[in-house]
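Here is a short report on a structure with two chains to explore. Keep the model open while you read.

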Amino acid sequence: MSQVRVAVDVGGTFTDVCIFDEESHKIRVTKVPSTPHDPLVAVMNGVARANIDLEDVTLFSHGTTVATNALITRNFPPAAMVTTRGFRDVIEIRDGTKDDLWDAYKDVSGPYIRRRDRFEVTERIDYAGNTVMPLDEADARRVAQLLRKRNVNTVAVCFMNSYANPQNEIRMREILEEELPNATVSTSAEILPEIFEHDRFNTTVANAVLAPLVSGYVNRLSDQLKAGGYKGDLLVLHSGGGSMTPRMVERYPVRLAASGIAAGAIAAKHVAQQCGYENAVGLDMGGTSTDIALVSGGELRITKEWQVEYGHPIIFPSIDVLTIGAGGGSLAYIDIAGSLRNGPQSAGADPGPACYDTGGDQPTNSDANVVLNRLGTSLAGGAKNLNKALATEAIKKVIADPLNMPIAEAAHAVIQVANANMADAVRLVSIRRGHDPRDFALVAFGGAGALHGAEVACELNIPTVIIPPNPGVASALGCLLVDIRHDLSSMFTGIAADADTEALEGMYVSLESEAMARLRQERVADENALLQRQISMRYLGQWRSLSVSIGSGLGALAEAVETFHEQHEREFAFSQKDQPVEVYQLHLTAIGKTPKPSFKPAVELNADPGTPREIRPVYFGELGWVDTPVFDRDDMPAGAMFSGPAVIDQFDSTTVIPPNTTAVIDEWMNILIHLEEI
Amino acid sequence: MSGTIAVPLAPTTALDPVTFEVLKNAFATSVDLMSEQILRTCYSFVIYSRDFSSALCDAAGNTVMQGSGDIAVHVGTLHFQCKAVLEEFGTDINPGDVFAINDPYRGGTHFNDVSFIRPIFSGGEVIAFAQNKGHWADIGGNVPGSFDVNAKEHFGEGLRITPVRIWSRGVFLHDVAQLLVSNTRAPRQAMGDLHAQSEATAVCEREILRLVDRYSKATVLHAMQETQDYVERTVRRRLEGLPHGVWETTDYMDNDPGKEEGLVPIKIKLTIDANGIHYDLAGSAPVVATFLNSGYGTTFSAIYAGTKTFFPDVPLNSGFYAAVTADIGPEGTVVNAGWPNAVTGFCSGPYEKLMNGIFEIWSKIMPERAMACAFNLEYLLVGGKDGRTEDSPYFMWYDWMAGGWGGRASKDGSGATAPVFGAGLAVQPVEGQERLSPVLTSMHQIGMDSGGPGRFRGGVGIEKGGMLTDAQNAVMSYCCDRARSITWGIEGGLPSIPHGVWLNKGTESERFLGSNFSSVPVQSGDSFVRPSAGGGGYGDPLERTYLEVLDDVIDGYVSVGRAAKDYGVVITAIDPDLDAYEVDEAASVELRHDIAAHRLGWLAEDPATVSARYISGDIDMLDVIRRYGVILDWGTGELFATTTREHRALMERRSSAHWPVVPA
């Protein structure tokens, strides 16, 4: 057998497998139901279903929502936080702000560790790193023993000003390790050696609550792959759009908080560029949620101000993705005031939508699509059969009867609300950042993206929708396209003109040696390692800083200051060259380059879409039921041109092409839908 | 080319829905982009903490769109400031001009809030104004941070900036700018903010001109008017589903230091009729002898922001102001102070009272969105010389806290939340403060028993304390309220806790400094602590479930002692190490019956006796407040007889009138 690269992406409902054959340069995919009780089962099921011999695998990469789901559901093992006396509520007080400034009934969600599980010890470091009070050993031991009594198995140690002097945190860690030898301990100065207690504490707490779950999961998977004959390292995608090996996941599980989300965004960028679009909106609609990413000028936006939920920051560079609770499994319901709502609650994989016949009796978007005949009754190549009678019953009971509407109309209303919610979210990320969506292409993917993409684009006046060849496993494709990446930082505050450039160079050198150590631990050959220095600076007295590239050597800082003035001018239309510039933080990005798949375009194009598998009535709003050809995507050639309405079925997804549109399949096998009259 | 003001033509046809939607969102974007830029370039840590706002105004100065993340307190003041510039400069407004204004007697908020206003020109005429308003850390005056509690007139408070030109036809008037910033304690930072804010308005200008290019000037002008009409229409549609009628309430500030003890009334009457929503503030108190007075701009702001809380999804612009009107009465009152009365502390004074009073009224109209009183906005300022370095620079430790919001009709109040004055106003990171000032924070934590008891408890408040480590010539000032007019409950709920600062608490030199004081000398080694109140409770606390009270005890939000006294729930600890507690149901049934039978009597107990028992240590502060409804000087235990009488009347209306009558 030829050698292959394999990517597996775990979603809320399905686990997707994407296999790149290094000889044929072709991709094949498979899909198995997710197994939320233990996602690993589905990963290995997928490997088995795809007939992969792990001995042939040269690279195995993995995107997982294990961390994201755990954070959202607060489904953690017994965890605790140990902090400086007087500061146990830092993660609950946060910065006090509300997400919704005006709705007094909408609250910010609670902290990751409840108050009853947060404990204080006597110790204090001041702003300069001086010890005001050493760690009270007896107090520390008392807390450690209390945690043992409570069977805690992961602990976040978060002390004030520990970024300036981590000694007390380190000592606390030692005591915890003595008293709770089996527990994982995350200290804030190691996880994020940066100023501002809430950002650092919360990132550390998120790391701690995820630690046993995520690293246990990744290690078990790694062991199973090894046992099957895979010789390389498992690469796990992280929020920053790079990947890590299990050794680093063990230390920094919080970096996986947006693993699955980042994969989709990377795939959207890749597909848009393949089609010649530098500006694109990625709409990744899965079973429980939709992730929206913006590609502008060929780049994905990276942010350090990132969070899974408002008010709980995770301060690592992350791809900027907006997630809303709208997915195939989102529940439709009538609220207390009698209006039709859609999401964010989801039927998930268990009990699942009513049509899954797995115990769910509440209607979801999938049920509405089945009722409207948009979705056929067989999913994932026959792996999952859908029960239309149950879908109809759920829509009738919960939506149609209370609203006194015909069933098809009710199902269509459910879809319209879902589409409007997604369109609003796209507006939020595009228009609100100064972009007109009409200048963008919409890349629709995920299990349900291709079902909804064209109508969402229509709401937004977006002229072109791209459906990649395997929309249901696009995130898995994204996993194949990334390098190993680490982001390191260090505080360094002082006026640039007075800065000790030797000390600065020394700090970079030490960050670099830490970075190289990490890459070597991940078995990256030195010639594949790439280190990029950046420095954050600001005008003295400013509060936010700008990050610019900086070279090495003693003259580098002066050059970086010039770059800072230029970038400030470019971004904010003014600079103040006569004002002192302050250095704030040093950053280092360490990249371990991994080989990328090279795709090949189709050589022959054929405009004939072929013969539809069947004609079935599909419901399209005002047009009512319209006889619609249903094609098998696998049978459609590159170059095929056709008009809506049409439904295109394939193994991992169903594409709805509404009336009044035209579509073409390009040489990369993407479907491009062009909307008319907009 | 200058001097013409564009007037939108009377639209013959409505804009198509897509264009209208795109432009409405684009206006919002142009304003939010201003906000994003100012956040990333500002110098004032107060601006950085989101005490700023941005607006696009039309050529007549009416607000077309306010920033979606704007602080509530600036709502409804930006059009006044824009109109003040128009009145002052008339036709002498040119491309490339930028104006500054901070005048609270021209509809501004307080002197620290400096607005920069840039006219946007198209085809030789003004089509709009871009405005950014931000809170400078200092604007001069008697005290660092420019919050002089003792000020009675504005002359010592800080620099008053009537509309003034800072850029003229693109030329920076450095002499004028220098005059402004030289009147502050941090001229270099003020100059930085002056540039940052002015440049932010240019971002909005670029966006609007892009829209004019793409959609035509006429369409953009049309859409600016449509956007206002749309908001007015939306509010009026909503009113169709609401009852018509008249509602009244009174909220109080603590006292007027120029008078005997006694609460200071702010009266609100709301009328809903076919014409819309109308407020009348007749009967509110005359100006007080501190800076806790409100100018007309901020009074209107409180009215709009308070009302908007019950219409959370309606965008804010002058269309809203057309549907919501108010008669705030003649000058000379706490709600319409007028020149030259000091108004800088309006935010802790009338503003909060108006907003919470409006919440109380709307809680009757929309009971499903009811909310009891929230904690009071508070600012603690410590300024002096920082002895940690040889040059001993000036430092300003300027701190505000989150606190609790009121209990609601279906759930507890939101705890540890930014003030209603601005739900986006972020509290500062302690580690940042410690770098900048010689103050070591001793605690920043949730206050046990700080939430007002109720069927739905008020949200929890915060306690923050600190010690001065190395300072010279330092003084402390505090701008707050509600040490006596305590954060109240509704529908049978109870009050939370009083605000106020304690100096050297628990030592021989302990002093209760109260909720409003100025320039108290403090030295290295002095420690201070103050709470922020929790929210008031909603509904009868004796109806709260055992399980909810038990959970509160496990999390330390409520003490075992107060679980019994406030809720009548008897809880015993089994093994606190493992969070094992038990509710004694039989004892609780008995205790609840006992409280129900006696609580009206407790509220009638002789206040002098209550005061004596507090002084003797027989009862504590929360017993005095929640059980007996008596108001004391919390430091000395001295009785405030008039205040107590007024306070008990309120408690009867908001709390005890809702309790079932149970025979003893």
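Ser216(B) is exposed, because 12 other C-beta atoms lie within 10 Å of its own. The scale runs as follows: a residue is buried if 20 or more other C-beta atoms lie within 10 Å of its own, exposed if 12 or fewer, and partly exposed in between, with C-beta atoms placed from the backbone. Ser216(B) sits in the loop between H5 and helix H6 (217–240) of chain B. Helices (H or I, at least four residues) and strands (E, at least two) are DSSP runs, numbered from the N terminus. The phi of Ser216(B) is near 85°, which is positive although the residue is not glycine. Most residues other than glycine have a negative phi, and most peptide bonds are trans.

This serine follows H5(B). That helix has 29 residues and spans 42 Å from its first C-alpha to its last, close to the expected 42 Å at 1.5 Å a residue. The expected span of a helix is 1.5 Å times one less than its number of residues.

## About the model

The model is predicted: local features need pLDDT of at least 70, side-chain atom pairs count only at pLDDT 80 or more, and totals for chains, interfaces and linings use all residues. Residues are numbered from 1 along each chain as its sequence is written, while chains are lettered from A and ligands numbered from 1 in the order in which they are written.

## Where the chains meet

How many residues does each chain bring to the contact? Chain B gives 57 residues and chain A gives 46 residues. Two residues are in contact if their C-beta atoms, placed from the backbone, lie within 7 Å. On the side of chain B that touches chain A, several elements supply at least two residues each, among them helix H1 (17–41), helix H5 (187–215) and strand S15 (439–446). H1(B) provides the largest share of that side, 10 residues.

The residues on this side of chain B divide into 26 nonpolar, 17 polar and 14 charged. Here Ala, Val, Leu, Ile, Met, Phe, Trp, Tyr, Cys and Pro count as nonpolar, Asp, Glu, Lys and Arg as charged, and the others, Gly among them, as polar.

Chain A has 16 helices and 35 strands. Its radius of gyration is 26 Å, close to the 26 Å from the globule rule for 678 residues, so chain A is as compact as a globular protein of that length. The radius of gyration is taken over C-alpha atoms, and the globule rule is 2.2 Å times the number of residues to the power 0.38. The C-alpha atoms of chain A fill a box of roughly 80 × 55 × 55 Å along the principal axes. In chain A, 53% of the 678 residues count as buried. Of its contacts with a separation of 6 or more, 68% join residues 24 or more positions apart.

Chain B has 16 helices and 23 strands. For its 664 residues, a compact globule would have a radius of gyration near 26 Å, and chain B agrees at 26 Å. Its C-alpha atoms fill a box of roughly 80 × 65 × 50 Å along the principal axes. In chain B, 58% of the 664 residues count as buried. Residues 24 or more positions apart make 73% of its contacts with a separation of 6 or more.

## Inside chain A

Which residues have the most contacts inside the largest nonpolar core? They are Val155(A), Leu442(A) and Val443(A), in a core of 391 residues. A nonpolar core is a set of buried Ala, Val, Leu, Ile, Met, Phe, Trp, Tyr and Cys residues joined through C-beta atoms within 7 Å. Leaving out residues up to four places away in sequence, Val155(A) touches partners including Ala80(A), Leu147(A) and Val185(A).

Gly446(A) lies in the loop between strand S23 (441–445) and helix H13 (449–460) of chain A. Is this glycine buried or exposed? Gly446(A) counts as buried, because it has 33 C-beta neighbours inside 10 Å. Gly446(A) and Met285(A) are 161 residues apart in sequence, yet 4.8 Å apart in space, C-alpha to C-alpha.

## Backbone details in chain A

The peptide bond from Gly343(A) to Pro344(A) is cis, with omega near 0°. Pro344(A) lies in strand S20 (residues 340–346) of chain A. Another cis peptide bond joins Gly644(A) and Pro645(A), with omega about 0°.
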